[in-house]
Amino acid sequence: MNDFMSAALQILAVIIIVPIAGGLISGIDRKISAKMQGRKGPPILQPFYDVLKLLQKDSKTVNPTTRYFLVLSLIFNMFNVVLFFMGAELLLCIFAFTISCVFFSLAGYSSRSPYSFIGAERELVQIICYVPMIILLAFGYYQAVGSFSISYAFQLDAPAVTRLPLLFIGLLYVITIKLRKSPFDISMSHHAHQEIVRGVTTEMEGSCLAIVEVSHWFETVFTIRLLFLFLIYGQPLGWVIGIGACLIIYFLEILVDNATARIKYRSALRATWIVVLVLGFANLAFLSLF
(Lines give C-alpha, C1' and ligand atoms only; values in the text may rest on other atoms or scores of the structure.)
Protein backbone atom coordinates (compact mmCIF):
# COMPACT_ATOMS: atom_id res chain seq x y z
CA MET A 1 0.00 0.00 0.00
CA ASN A 2 2.85 2.34 0.86
CA ASP A 3 4.54 1.60 -2.46
CA PHE A 4 1.29 2.36 -4.30
CA MET A 5 0.86 5.67 -2.47
CA SER A 6 4.48 6.60 -3.11
CA ALA A 7 4.13 5.86 -6.85
CA ALA A 8 0.83 7.78 -7.02
CA LEU A 9 2.41 10.81 -5.34
CA GLN A 10 5.37 10.69 -7.75
CA ILE A 11 3.04 10.55 -10.74
CA LEU A 12 0.98 13.44 -9.37
CA ALA A 13 4.15 15.46 -8.78
CA VAL A 14 5.30 14.88 -12.35
CA ILE A 15 1.91 15.88 -13.79
CA ILE A 16 1.95 19.11 -11.76
CA ILE A 17 5.63 20.10 -12.00
CA VAL A 18 6.24 19.32 -15.70
CA PRO A 19 3.69 21.80 -17.17
CA ILE A 20 4.90 24.46 -14.72
CA ALA A 21 8.47 23.87 -15.90
CA GLY A 22 7.31 23.83 -19.53
CA GLY A 23 5.44 27.11 -19.11
CA LEU A 24 8.48 28.76 -17.52
CA ILE A 25 10.70 27.51 -20.35
CA SER A 26 8.21 28.94 -22.86
CA GLY A 27 8.24 32.28 -21.03
CA ILE A 28 12.03 32.42 -20.95
CA ASP A 29 12.08 31.43 -24.63
CA ARG A 30 9.81 34.37 -25.50
CA LYS A 31 11.90 36.76 -23.42
CA ILE A 32 15.18 35.73 -25.03
CA SER A 33 13.62 35.83 -28.50
CA ALA A 34 12.35 39.35 -27.81
CA LYS A 35 15.81 40.49 -26.74
CA MET A 36 17.30 39.01 -29.91
CA GLN A 37 14.74 40.98 -31.93
CA GLY A 38 15.36 44.24 -30.06
CA ARG A 39 12.08 44.16 -28.12
CA LYS A 40 11.28 44.25 -24.42
CA GLY A 41 9.13 41.16 -24.65
CA PRO A 42 6.36 39.80 -22.40
CA PRO A 43 6.91 38.77 -18.76
CA ILE A 44 8.21 35.27 -18.15
CA LEU A 45 4.84 34.21 -16.68
CA GLN A 46 2.96 35.34 -19.81
CA PRO A 47 2.35 31.75 -21.10
CA PHE A 48 0.40 31.00 -17.90
CA TYR A 49 -1.62 34.20 -18.29
CA ASP A 50 -2.38 33.23 -21.89
CA VAL A 51 -3.60 29.75 -20.95
CA LEU A 52 -5.79 31.07 -18.12
CA LYS A 53 -7.30 33.66 -20.46
CA LEU A 54 -7.96 31.03 -23.14
CA LEU A 55 -9.70 28.76 -20.61
CA GLN A 56 -12.08 31.60 -19.71
CA LYS A 57 -13.18 32.10 -23.31
CA ASP A 58 -16.06 30.32 -25.01
CA SER A 59 -14.72 27.62 -27.28
CA LYS A 60 -16.63 27.07 -30.51
CA THR A 61 -15.12 24.44 -32.77
CA VAL A 62 -16.16 23.61 -36.31
CA ASN A 63 -16.08 19.91 -35.47
CA PRO A 64 -16.63 18.68 -31.85
CA THR A 65 -14.19 15.79 -32.42
CA THR A 66 -11.35 18.31 -32.58
CA ARG A 67 -11.47 18.72 -28.80
CA TYR A 68 -11.45 14.95 -28.24
CA PHE A 69 -8.36 14.49 -30.40
CA LEU A 70 -6.60 17.33 -28.58
CA VAL A 71 -7.47 15.88 -25.17
CA LEU A 72 -6.19 12.46 -26.25
CA SER A 73 -3.00 14.09 -27.51
CA LEU A 74 -2.52 15.78 -24.13
CA ILE A 75 -3.25 12.56 -22.22
CA PHE A 76 -0.64 10.60 -24.19
CA ASN A 77 1.85 13.43 -23.69
CA MET A 78 1.25 13.27 -19.95
CA PHE A 79 1.47 9.47 -20.01
CA ASN A 80 4.73 9.66 -21.97
CA VAL A 81 6.34 12.16 -19.59
CA VAL A 82 5.26 10.17 -16.52
CA LEU A 83 6.79 7.01 -18.00
CA PHE A 84 9.98 8.87 -18.83
CA PHE A 85 10.44 10.36 -15.37
CA MET A 86 9.59 7.04 -13.70
CA GLY A 87 12.43 5.34 -15.60
CA ALA A 88 10.35 3.14 -17.92
CA GLU A 89 11.41 1.65 -21.25
CA LEU A 90 12.56 4.22 -23.82
CA LEU A 91 10.72 2.50 -26.68
CA LEU A 92 7.43 2.67 -24.75
CA CYS A 93 7.94 6.41 -24.21
CA ILE A 94 8.62 6.93 -27.92
CA PHE A 95 5.47 4.96 -28.77
CA ALA A 96 3.31 7.15 -26.50
CA PHE A 97 5.02 10.26 -27.84
CA THR A 98 4.24 9.27 -31.45
CA ILE A 99 0.61 8.44 -30.66
CA SER A 100 0.22 11.90 -29.13
CA CYS A 101 1.59 13.52 -32.30
CA VAL A 102 -0.79 11.49 -34.47
CA PHE A 103 -3.81 12.59 -32.43
CA PHE A 104 -2.72 16.19 -32.80
CA SER A 105 -2.60 15.71 -36.58
CA LEU A 106 -6.09 14.20 -36.51
CA ALA A 107 -7.32 17.30 -34.67
CA GLY A 108 -6.10 19.35 -37.62
CA TYR A 109 -7.76 17.01 -40.11
CA SER A 110 -11.09 17.23 -38.25
CA SER A 111 -11.41 20.92 -39.17
CA ARG A 112 -12.85 21.93 -42.52
CA SER A 113 -10.34 24.73 -42.99
CA PRO A 114 -7.92 24.17 -45.91
CA TYR A 115 -5.16 25.85 -43.87
CA SER A 116 -5.73 23.45 -40.98
CA PHE A 117 -5.83 20.48 -43.37
CA ILE A 118 -2.51 21.47 -44.97
CA GLY A 119 -1.04 22.02 -41.50
CA ALA A 120 -2.14 18.52 -40.45
CA GLU A 121 -0.52 17.01 -43.55
CA ARG A 122 2.70 18.82 -42.75
CA GLU A 123 2.47 17.64 -39.15
CA LEU A 124 2.47 14.06 -40.44
CA VAL A 125 5.47 14.90 -42.61
CA GLN A 126 7.24 16.13 -39.50
CA ILE A 127 6.49 12.85 -37.73
CA ILE A 128 8.08 11.01 -40.64
CA CYS A 129 11.07 13.34 -40.32
CA TYR A 130 11.96 12.95 -36.64
CA VAL A 131 10.51 9.64 -35.41
CA PRO A 132 12.95 7.42 -37.39
CA MET A 133 15.92 9.24 -35.84
CA ILE A 134 14.46 8.87 -32.33
CA ILE A 135 13.85 5.15 -32.92
CA LEU A 136 17.42 4.69 -34.16
CA LEU A 137 18.59 6.59 -31.09
CA ALA A 138 16.66 4.17 -28.88
CA PHE A 139 18.33 1.16 -30.51
CA GLY A 140 21.70 2.88 -30.22
CA TYR A 141 20.95 3.46 -26.54
CA TYR A 142 20.21 -0.25 -26.15
CA GLN A 143 23.51 -1.21 -27.78
CA ALA A 144 25.47 1.30 -25.70
CA VAL A 145 23.77 0.65 -22.34
CA GLY A 146 22.52 -2.91 -22.70
CA SER A 147 18.88 -2.10 -21.93
CA PHE A 148 16.02 0.11 -23.07
CA SER A 149 15.41 1.11 -19.44
CA ILE A 150 15.83 4.85 -18.90
CA SER A 151 17.01 4.33 -15.32
CA TYR A 152 20.19 2.60 -16.59
CA ALA A 153 21.57 5.94 -17.83
CA PHE A 154 22.00 7.09 -14.21
CA GLN A 155 24.28 4.11 -13.47
CA LEU A 156 26.80 4.56 -16.28
CA ASP A 157 30.48 5.38 -15.76
CA ALA A 158 30.38 7.75 -18.75
CA PRO A 159 27.48 9.47 -20.56
CA ALA A 160 25.84 7.53 -23.37
CA VAL A 161 26.75 10.32 -25.81
CA THR A 162 30.38 9.17 -25.72
CA ARG A 163 29.30 6.05 -27.62
CA LEU A 164 26.51 7.71 -29.58
CA PRO A 165 28.02 10.97 -30.86
CA LEU A 166 26.60 10.77 -34.39
CA LEU A 167 23.14 9.75 -33.20
CA PHE A 168 23.19 12.58 -30.67
CA ILE A 169 24.07 15.07 -33.42
CA GLY A 170 21.15 13.67 -35.40
CA LEU A 171 18.89 14.18 -32.37
CA LEU A 172 20.04 17.79 -32.08
CA TYR A 173 19.12 18.22 -35.74
CA VAL A 174 15.58 16.84 -35.47
CA ILE A 175 14.50 18.21 -32.06
CA THR A 176 14.17 21.59 -33.76
CA ILE A 177 11.06 20.11 -35.39
CA LYS A 178 9.47 19.06 -32.10
CA LEU A 179 10.30 22.37 -30.43
CA ARG A 180 8.50 24.01 -33.39
CA LYS A 181 11.37 26.27 -34.31
CA SER A 182 12.74 27.49 -37.62
CA PRO A 183 13.71 26.28 -40.10
CA PHE A 184 11.56 23.18 -39.46
CA ASP A 185 8.31 24.69 -38.08
CA ILE A 186 6.47 23.72 -41.25
CA SER A 187 3.10 22.63 -39.79
CA MET A 188 2.53 25.63 -37.51
CA SER A 189 4.62 28.36 -35.99
CA HIS A 190 4.90 28.46 -32.20
CA HIS A 191 5.78 32.15 -32.42
CA ALA A 192 3.94 34.86 -34.32
CA HIS A 193 6.92 36.03 -36.37
CA GLN A 194 6.48 33.40 -39.08
CA GLU A 195 2.95 33.76 -40.41
CA ILE A 196 -0.57 34.94 -39.64
CA VAL A 197 -2.33 31.67 -40.50
CA ARG A 198 -1.13 29.10 -37.94
CA GLY A 199 -1.59 25.82 -39.78
CA VAL A 200 -3.06 23.06 -37.59
CA THR A 201 -4.52 25.47 -35.04
CA THR A 202 -6.13 27.87 -37.54
CA GLU A 203 -9.70 26.93 -36.54
CA MET A 204 -8.99 26.41 -32.83
CA GLU A 205 -9.83 28.86 -30.06
CA GLY A 206 -10.46 29.10 -26.34
CA SER A 207 -9.85 25.94 -24.34
CA CYS A 208 -8.71 24.05 -27.44
CA LEU A 209 -5.77 26.41 -27.86
CA ALA A 210 -5.08 26.14 -24.12
CA ILE A 211 -4.85 22.35 -24.47
CA VAL A 212 -2.46 22.75 -27.42
CA GLU A 213 -0.25 25.09 -25.39
CA VAL A 214 -0.12 22.86 -22.30
CA SER A 215 0.55 19.83 -24.51
CA HIS A 216 3.46 21.72 -26.08
CA TRP A 217 4.87 22.34 -22.59
CA PHE A 218 4.89 18.59 -21.95
CA GLU A 219 6.58 18.00 -25.33
CA THR A 220 9.24 20.61 -24.58
CA VAL A 221 10.12 19.05 -21.22
CA PHE A 222 10.18 15.57 -22.79
CA THR A 223 12.55 16.80 -25.52
CA ILE A 224 14.93 18.41 -23.03
CA ARG A 225 14.76 15.34 -20.81
CA LEU A 226 15.61 13.16 -23.82
CA LEU A 227 18.73 15.25 -24.41
CA PHE A 228 19.59 14.99 -20.72
CA LEU A 229 19.29 11.20 -20.85
CA PHE A 230 22.30 10.94 -23.15
CA LEU A 231 24.39 13.43 -21.18
CA ILE A 232 23.89 12.10 -17.64
CA TYR A 233 25.91 9.37 -15.91
CA GLY A 234 26.29 7.96 -12.42
CA GLN A 235 28.37 10.77 -10.89
CA PRO A 236 27.32 14.13 -9.37
CA LEU A 237 29.34 15.89 -12.06
CA GLY A 238 27.11 14.20 -14.63
CA TRP A 239 24.13 16.26 -13.45
CA VAL A 240 26.10 19.49 -13.74
CA ILE A 241 27.32 18.62 -17.24
CA GLY A 242 23.89 17.41 -18.35
CA ILE A 243 21.98 20.47 -17.11
CA GLY A 244 24.60 22.88 -18.44
CA ALA A 245 24.67 21.22 -21.87
CA CYS A 246 20.84 21.25 -22.10
CA LEU A 247 20.77 24.98 -21.28
CA ILE A 248 23.34 25.71 -23.98
CA ILE A 249 21.55 23.55 -26.54
CA TYR A 250 18.20 25.20 -25.88
CA PHE A 251 19.73 28.66 -26.17
CA LEU A 252 21.23 27.65 -29.53
CA GLU A 253 17.79 26.42 -30.62
CA ILE A 254 16.34 29.86 -29.84
CA LEU A 255 19.20 31.49 -31.74
CA VAL A 256 18.61 29.30 -34.81
CA ASP A 257 14.87 29.97 -34.57
CA ASN A 258 15.42 33.72 -34.76
CA ALA A 259 18.16 33.59 -37.38
CA THR A 260 16.57 31.32 -40.00
CA ALA A 261 13.47 31.24 -42.18
CA ARG A 262 11.09 28.33 -42.67
CA ILE A 263 12.04 25.85 -45.37
CA LYS A 264 9.67 23.86 -47.60
CA TYR A 265 8.37 20.54 -46.33
CA ARG A 266 10.10 18.61 -49.12
CA SER A 267 13.43 20.14 -48.14
CA ALA A 268 12.78 19.32 -44.48
CA LEU A 269 11.99 15.70 -45.31
CA ARG A 270 15.03 15.33 -47.56
CA ALA A 271 17.41 17.02 -45.12
CA THR A 272 16.31 15.05 -42.05
CA TRP A 273 16.35 11.71 -43.85
CA ILE A 274 19.88 12.32 -45.09
CA VAL A 275 20.89 12.91 -41.49
CA VAL A 276 19.02 9.78 -40.34
CA LEU A 277 20.63 7.54 -42.96
CA VAL A 278 24.17 8.89 -42.69
CA LEU A 279 24.63 9.66 -38.99
CA GLY A 280 22.19 7.14 -37.55
CA PHE A 281 23.26 4.03 -39.41
CA ALA A 282 26.95 5.00 -39.26
CA ASN A 283 26.80 5.17 -35.46
CA LEU A 284 24.89 1.88 -35.21
CA ALA A 285 27.43 0.21 -37.49
CA PHE A 286 30.25 1.52 -35.28
CA LEU A 287 28.57 0.09 -32.16
CA SER A 288 28.12 -3.28 -33.88
CA LEU A 289 31.78 -3.48 -34.87
CA PHE A 290 33.32 -2.24 -31.61
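A: Helix 5 and helix 9 are roughly parallel to each other, where roughly parallel means an angle under 35 degrees. This is a predicted model, in which local features need pLDDT of at least 70, side-chain atom pairs count only at pLDDT 80 or more, and totals for chains, interfaces and linings use all residues. Residues are numbered from 1 along each chain as its sequence is written, and side-chain values use heavy atoms, leaving out hydrogens and water.

Q: At what angle do the axes of helix 5 and helix 9 cross?
A: They cross at roughly 10 degrees, and the axes come within 10 Å. Helix 5 covers residues 114-145 and helix 9 covers residues 265-289. Axes are lines fitted to C-alpha atoms, for helices over the stretch in contact, and angles run from 0 to 180 degrees between N-to-C directions. Helices are DSSP runs (H or I) of at least four residues, numbered from the N terminus.

Q: Turning to R225, where is its place?
A: R225 lies in helix 7, residues 207-229.

Q: Is R225 buried or exposed?
A: R225 is buried, that is, under 20% relative accessible area, whereas exposed is over 50% and partly exposed in between (1.4 Å probe, protein chains only). R225 has no salt bridge, meaning a side-chain nitrogen of Lys or Arg within 4 Å of a carboxyl oxygen of Asp or Glu. The nearest side chain of opposite charge, E89, is 14 Å away; Lys and Arg count as positive and Asp and Glu as negative, with His and the chain ends not counted.

Q: And what is the relative accessible area of E89?
A: The value is 36%, so E89 is partly exposed. E89 sits in the loop between helix 3 (65-85) and helix 4 (90-109).

Conventions. Helices (H or I, at least four residues) and strands (E, at least two) are DSSP runs, numbered from the N terminus. Angles under 35 degrees count as roughly parallel, over 145 as roughly antiparallel, 65 to 115 as roughly perpendicular and the rest as oblique.
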